[in-house]
Amino acid sequence: MLLRTRRCLPAALSRAAAHPRVSPAAASPGPPPQHGPVAVANQGSGIDPRSGPIERFRGSTMARANLVTLRPASIGGRHKVGMQARWFSSTGLPPHMVIGMPALSPTMNQGNLTKWRKQEGDKIEVGDVICEIETDKATLEFESLEEGYLAKILVPEGSKDVQVGQPIFVTVEDSEDIAKIPADTSFRGEHDEDQSSGSAAQSVEVDAAEQSPALRHISPTAKMLIKEHGLDISLLKASGPRGTLLKGDVLAALKAGTASSSAKENTAPATPSPQPARDSQAQSLPTSQKSGTFEDMTNTQIRKVIAKRLLESKQTTPHLYLSKDVILDPLLAFRNELKEQHGVKVSVNDVVIKAVALALRNVPEANAYWDNAKEEAQKWDSVDISIAVATEKGLMTPIIRNADQKTISAISSEVKQLAEKARAGKLAPNEFQGGSFSISNLGMYPVDNFCAIINPPQAGILAVGRGNKVVEPVMNSDGTERAAVVTKMSLTLSADHRIFDGQVGGKFFRELALNFSDIRRLLL
């Protein structure tokens with residue numbers, strides 16, 4: 001499913017795909033092999049996630065193609081999911097495909113299967129939505145790019161923390177084959193065996209190099225025996241040419257009983273275990289400390305990723321905090337004027353977005369990010385403002401792209417649309433991935449000021465508090481002072497100190513304060 005294929009490929013490419021050891025240049029001309037297509041990359045968005053596998057079983061012949069990672073594309077809220085394709089054989093089963101949990105975002109390791117749109121036995125047409133998957137960013141629809149029948153659902157609706165790559169359903173091409181798929185077949189063994197074969201062989205070679213430098217080569221059969229019996233490679237002696245470990249060497253070690261892990265453990269000196277001491281301490285604890293009551297709070301995938309990224313940000317990004325109070329009265333008067341004279345309703349947050357975007361455009365060194373590879377700051381090409389939107393599943397940050405070039409009314413309309421989609425879990429990847437600067441506004445709550453955490457790779461986030469009326473001295477036109485009531489709002493900047501120093505932060509706040517004091521600047 002969800003795989004576009006091409007059967008008519010150049011002979012050299014097809015031959016190289018079927019036999020990875022033969023380079024395309026060395027392949028001789030001739031008709032392409034008849035053991036299956038090579039996957040064609042779906043030219044979608046720029047995301048390159050790890051993808052779930054597709055396994056297809058046909059008769060008793062077996063051919064294996066090179067892995068080709070396809071890229072997801074967002075089309076009208078539906079997402080065509082990138083896959084990896086491999087061809088296998090399976091005796092006794094009709095032609096079928098096993099579809100694994102896909103990676104729908106770069107940071108996705110697991111997902112929740114929220115709803116099945118198709119049931120076992122249903123016909124699947126091109127473009128049909130098979131299920132809904134909750135990722136670490138949003139809830140996305142799993143769309144089919146091929147026809148077939150849903151033969152077996154492997155993961156029930158509502159399943160949590162399904163690992164990327166874990167088989168979730170099986171499809172067949174003909175309706176008569178649905179009954180031929182056994183109900184008690186999990187398909188997990190074939191999938192796990194395929195995934196573990198390459199990593200197991202690699203780990204054996206790595207362990208051999210680390211533990212026994214003399215073992216440069218290990219025969220395939222020897223690797224299998226080492227893995228099967230859990231042998232310690234450092235205790236094996238190679239007798240093959242150039243230090244190659246042969247099957248006979250492993251069998252001889254098994255017969256002598258000198259290569260097992262237990263033999264190595266027996267030779268290690270015994271160390272006293274501190275477990276009894278810990279047990280005695282645990283027994284001495286008061287009963288009241290061990291019998292506390294609590295309630296587990298179910299965490300969504302989004303909240304798990306938020307927790308991980310916020311911790312990573314505080315640990316790896318040097319935060320610099322700058323704050324300033326701005327007078328809000330000109331902004332409030334501007335809002336009332338738009339509403340009464342033009343019938344346009346905008347929020348304080350809409351005007352803040354425009355003011356921040358213009359300040360970043362006028363101070364381009366503040367609109368940057370830190371490149372870890374080059375160890376230097378890089379300027380963004382555009383001013384894209386991420387806005388924090390609270391949802392039931394966690395905090396989402398949809399993006400107002402090119403905010404400095406848009407009118408306040410256009411920003412207001414776009415914010416409403418994105419906030420509604422975020423709360424419904426319908427944001428497309430391009431609507432929340434990226435951004436050059438963030439704004440978090442708690443002005444609707446009794447919060448005067450706060451410090452936000454930077455959202456990497458961005459270099460800054462502005463925390464906006466509520467407006468408060470205060471009494472301040474105001475200068476009259478004749479130079480005398482008088483007491484006046486003004487509305488002030490607290491702004492706190494959390495910035496990456498590798499990019500923002502005191503001078504850059506000061507210039508940014510100077511531009512921002514000018515935008516609030518003279519609202520006409522926002523109309524230029």
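Predicted model: local features only at pLDDT ≥ 70, side-chain atom pairs only at ≥ 80, totals over all residues.
The protein has 12 helices and 26 strands. Of its 524 residues, 43% are buried. If you take contacts between residues at least 6 apart in sequence, 65% of them join residues at least 24 apart.

Here are the helices we'll talk about:

| Helix | Residues |
|---|---|
| α4 | 247-256 |
| α10 | 348-362 |
| α11 | 408-423 |

Let's start with α10 and α11. Their axes come within 9 Å and cross at roughly 120°. Angles of 65 to 115 degrees count as roughly perpendicular and those over 145 as roughly antiparallel, so α10 is oblique to α11. The crossing of α10 past α11 is right-handed.

Which residues in α10 and α11 meet? On the α10 side you'll find Asp 350, Val 351, Ile 353 and Lys 354, and they meet Ile 408, Ile 411, Ser 412 and Val 415 of α11. Sorted by class, this contact has five nonpolar residues, one polar residue and two charged ones.

Now for α4. Asp 249, Val 250 and Ala 253 are buried in this helix. Looking down the axis of α4, you'd see its buried residues fall within an arc of 95°, so they line one face of the helix. And what follows α4? That's Gly 257, which has a positive phi, near 70°.

Key:
Residues numbered from 1 in each chain as written. Heavy atoms only, no water. Axes fitted to C-alpha atoms, helices over the stretch in contact; angles between N-to-C directions. Helix = DSSP H or I, 4+ residues; strand = E, 2+ residues; numbered from the N terminus. Parallel < 35°, antiparallel > 145°, perpendicular 65-115°, else oblique. Left-handed = near helix turned anticlockwise from the far one by under 90°. Contact = heavy atoms within 4.5 Å. Nonpolar A, V, L, I, M, F, W, Y, C, P; charged D, E, K, R; others polar. Buried < 20%, exposed > 50% of the residue type's maximum accessible area, 1.4 Å probe, protein only. Arc of directions from axis to C-beta.
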